[in-house]
Amino acid sequence: QVQLVESGGGLVQAGGSLRLSCTSSGRTFISSNMAWFRQAPGKEREFVACISWGGGNANYADSVKGRFTISRDNAKKTVYLQMIDLKPEDTAVYYCAEDSSYFTSPPSASIRDYDVWGQGTQVTVSL
């Protein structure tokens, strides 16, 4: 069973930066599109960013464009989310997700297309 393990969350002041990592234990990582979603208290889980299996295609939610960058290292079976200029409204639990369909293009922003999920990592941005 594939497991995704996130790390890198924490408490940061507004304007600060964090880099989240998500490492897969499965053999399907290199053929899977990956994404980050987030869920704030009392809100539904929302799309943040996604990246294609080869890393050449990435998409972002409008709220994070220009501040967040998704990337991946297939040799390490790890996907990253670099976050800069963090704002209090970025506070949420961030989840890594895998679309285990082989070599799907383009990567999806829909939560329904992701079938493997990590446990989440908390990001808190203070004023």
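Modeller: Cys50 has a relative accessible area of 0%, so this residue is buried, the cut-off for that word being under 20%. Keep in mind that the model is a predicted one.

The other cysteines to look at are Cys22 and Cys96. Both Cys22 and Cys96 are buried. Their sulfur atoms lie 2.1 Å apart and form a disulfide. A search of the whole structure finds one disulfide. The torsion about the S-S bond of Cys22 and Cys96 is about -75°, which makes the disulfide left-handed. Because Cys22 belongs to strand β3 and Cys96 to strand β9, the bond ties together parts that are 74 residues apart in sequence. Cys50 takes part in no disulfide, and the nearest cysteine sulfur, that of Cys96, is 12 Å away.

Strand β3 spans residues 18-24 and is joined to strand β8, residues 78-83, by six bridges in the antiparallel sense. Thr23 of this pairing stands opposite Thr78 in β8. The two strands are part of an open sheet of four, in the order β1-β3-β8-β7, with antiparallel pairing. From one strand to the next, the twist averages 15°.

Ala92 has Val123 as its bridge partner in β11. Strand β2, residues 10-13, runs parallel to β11, and four bridges join them. Here the partner of Gly10 in β11 is again Val123. Val123 belongs to the covered face of β11 (residues 121-126), together with Thr121 and Val125, whereas Gln122, Thr124 and Ser126 make up the uncovered face.

Beyond β9, in the loop between β9 and β10 (116-117), lies Phe103. Phe103 forms a nonpolar surface patch with Trp53 and Tyr102, and together they have about 360 Å² of accessible area.

That leaves the charged pairs. Side chains of opposite charge can pair when their charged atoms come close. The structure holds four salt bridges. In one of them the side chains of Asp90 and Arg67 meet at 2.7 Å, N to O. This pair links distant parts of the chain, with Asp90 in the loop between β8 and β9 and Arg67 in the loop between β6 (58-60) and β7, 23 residues apart. Asp90 is buried, its relative accessible area being 0%, and Arg67 is buried at 8%.

Another salt bridge joins Arg38 to Glu46, with the closest N and O atoms 2.7 Å apart. Arg38 is buried at 6% relative accessible area, while Glu46, at 35%, counts as partly exposed. Arg38, Glu46, Arg67 and Asp90 are linked in a network of salt bridges. Asp62 also forms a salt bridge, with Lys65, where the closest N and O atoms are 3.2 Å apart. Asp62 has 65% relative accessibility and so counts as exposed.

Terms used
Residues are numbered from 1 along each chain as its sequence is written. This is a predicted model: local features need pLDDT of at least 70, side-chain atom pairs count only at pLDDT 80 or more; totals for chains, interfaces and linings use all residues. Side-chain values use heavy atoms; hydrogens and water are left out. Buried means under 20% relative accessible area, exposed over 50%, partly exposed in between (1.4 Å probe, protein chains only). Two strands pair if DSSP finds at least two bridges between them. Patches are made of residues with over 30% relative accessible area and no salt bridge: like charges are joined within 9 Å, nonpolar side chains (Val, Leu, Ile, Met, Phe, Trp, Tyr) within 5 Å. Accessible areas come from the Shrake-Rupley method with a 1.4 Å probe; for residues, only the protein chains shown count as cover. Axes are lines fitted to C-alpha atoms, for helices over the stretch in contact, and angles run from 0 to 180 degrees between N-to-C directions. A disulfide is a pair of cysteine sulfur atoms within 2.5 Å.
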